[in-house]
Amino acid sequence: MSRYPARLEEGHGGTLLDPPRPRPPDARRRPRRVAMLSVHTSPLHQPGTGDAGGMNVYIVELAKRLAALDIEVEIFTRATSAALPPSVELAPGVLVRHVAAGPYEGLAKEDLPAQLCAFTHGVTRAWAGQRPGHYDLVHSHYWLSGHVGRLTAERWGVPLVHAMHTMAKVKNANLADGDTPEPAARVLGETQVVGAADRLIANTEKEADELLRHYRADTDRVAVVHPGVDLERFRPDARGVAAGRAAARSRLGLPQDALIPLFVGRIQPLKAPDVLLRAVALLLRERPWLRERIVVPVVGGPSGSGLARPEGLQKLAARLGISDVVRFRPPVGQDRLADWYRAASVLVMPSHSESFGLVAVEAQACGTPVIAAEVGGLPVAVRDGVSGVLVPGHDPADYARALYAFAADPARTARMSEAAVRHARSFGWATAAEAMADVYTEALLHRSRGAREGQPH
Ligand code: UDP
């Protein structure tokens, strides 16, 4: 397996915790232009609701940082409105191309496998207008795009790099009560993409192991690249964490002296916002005096199986008798989101499954510790006992205890806030882009060696 060290400081060779970074493969063999595929969700959509989440942020941030390394990126996504122009410049060196595939509106993610031929046709038509060799490499995101990537990369004679983002087998092994399992067709589709990709990107070592174990990926083709965080946007207030918290609270109209456990993300059973609400209800039953001193913001919109009951969480809050302390807010842009993180006492992420958990790192970067379920990538995103607390399982009583510890021990909270900022600083998008560029180079070198030796890739 290609191993990219876990925590690299921005602009440095590595931390004391990690082995020195391997010398990058010949940087002159980096691709000049990459076709990135994101069939089911556009990098231009607002994350935090529906199908738009961490993957959208990942694609935008990675593409911008690759462009800064002189690797142009063209992102193909399905057009969801007739009003969209054929292409939009997202940033210098990053173009979003809208591909007509199926009706603009009214298609769910589950309907998209039937539109993959149309999408592939749209991508190859866009390519036909270019000079030969326009793209040096295809990077697909999520299994639907992987299928388009398989065909286009083969047609263009270039390597395919694929990122799963989530895996059906892993999701199905960690379903929330009453959640709908991912269909067998997706597992089959994912297995085919894993077999076809020249390189598979895993967010963490754990995800790399899951690719090997569940999908029989070829060890040599799996590379670990940690996602990043925008450290310019997500940072503590210049006056320090405590002063910044006070200022953010007054900007958001939140009480200064309250315990504020924050939930941020798409509202669906997999993210388990219900566990936070149940934990708060338990906490208030045991310590009723806290009711005057707690506010629980829930920032995000319904998604996935949560779309079937968009009011489900509000109803749960009412049933638990805590509607007066919970504040539901629609998704917000990331500058505004940074203020929510700064205002919070602690971010709570009780997810059943999480490929990485960008919001955990974003919150820490703003100086807010995290209580997270010990699942998926969260043990990498959060340093247990240092920058936050990892909770095994989803028992609301455990989360209530963890929450009370934050309320009861301000000195510990302050220590964790400082440590959270330090921990988050080891995840930068520039570092992620450098590591990704190295994977691209490896894939290209491997291709050209294979071609010289007359081997299939
Ligand atoms: N997000 C946002 N506005 C919101 C809620 C979330 O921009 O109101 C972004 C958030 O900053 C993060 C992403 O959505 O970058 C969610 O990523 P995460 O990895 O936490 O979850 P995913 O959506 O991938 O399951």
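Trainee: Domain bounds come from an automatic or database domain assignment; how far apart do the C-alpha centres of domain 1 and domain 2 lie here?

Mentor: They lie 30 Å apart, with domain 1 made of 27-228 + 428-452 and domain 2 of 241-424, as the domain assignment gives them. This is a predicted model, in which local features need pLDDT of at least 70 and side-chain atom pairs count only at pLDDT 80 or more, while totals for chains, interfaces and linings use all residues. Residues are numbered from 1 along each chain as its sequence is written.

Trainee: How many residues of the two domains are in contact?

Mentor: On the domain 1 side there are 23 residues, in contact with 20 residues of domain 2 (contact means C-beta atoms, placed from the backbone, within 7 Å). The elements giving two or more residues to that side of domain 1 are α1 (54-68), α4 (168-173) and α6 (205-215) (DSSP runs numbered from the N terminus, helices being H or I of at least four residues and strands E of at least two).

Trainee: And by class, what is that side of domain 1 made of?

Mentor: It has 13 polar, six nonpolar and four charged residues, where Asp, Glu, Lys and Arg count as charged, Ala, Val, Leu, Ile, Met, Phe, Trp, Tyr, Cys and Pro as nonpolar, and the others, Gly among them, as polar.

Trainee: Changing topic, which residues have the most contacts inside the largest nonpolar core?

Mentor: Those are L347, A360, I371, Y399 and M436, in a core of 131 residues (buried Ala, Val, Leu, Ile, Met, Phe, Trp, Tyr and Cys joined through C-beta atoms within 7 Å, buried meaning 20 or more other C-beta atoms within 10 Å of a residue's own). Helix α15 (residues 429-452) supplies the largest share, 10 residues, and the core draws at least three residues from each of domain 1 and domain 2.

Trainee: What does M436 touch?

Mentor: Leaving aside residues up to four places away in sequence, M436 touches L62, L66 and V225.

Trainee: And I371, which residue does that one stand opposite?

Mentor: I371 stands opposite V389 in β14. Strand β13 (residues 370-373) and β14 pair in the parallel sense over four bridges (pairing needs at least two DSSP bridges), and they belong to an open sheet of six strands in the order β11-β10-β9-β12-β13-β14. Its edge strands, β11 (326-329) and β14 (388-391), each pair on one side only.

Trainee: Which residues of helix α10 are buried?

Mentor: In α10 (residues 334-343) they are L337, A338, W340, Y341, R342 and A343, and they pack against α7 (241-252), β9, β10 (296-299), β12 and α11 (358-365).

Note on methods:
Domains from an automatic or database assignment. Buried ≥ 20, exposed ≤ 12 C-beta atoms within 10 Å, placed from the backbone.
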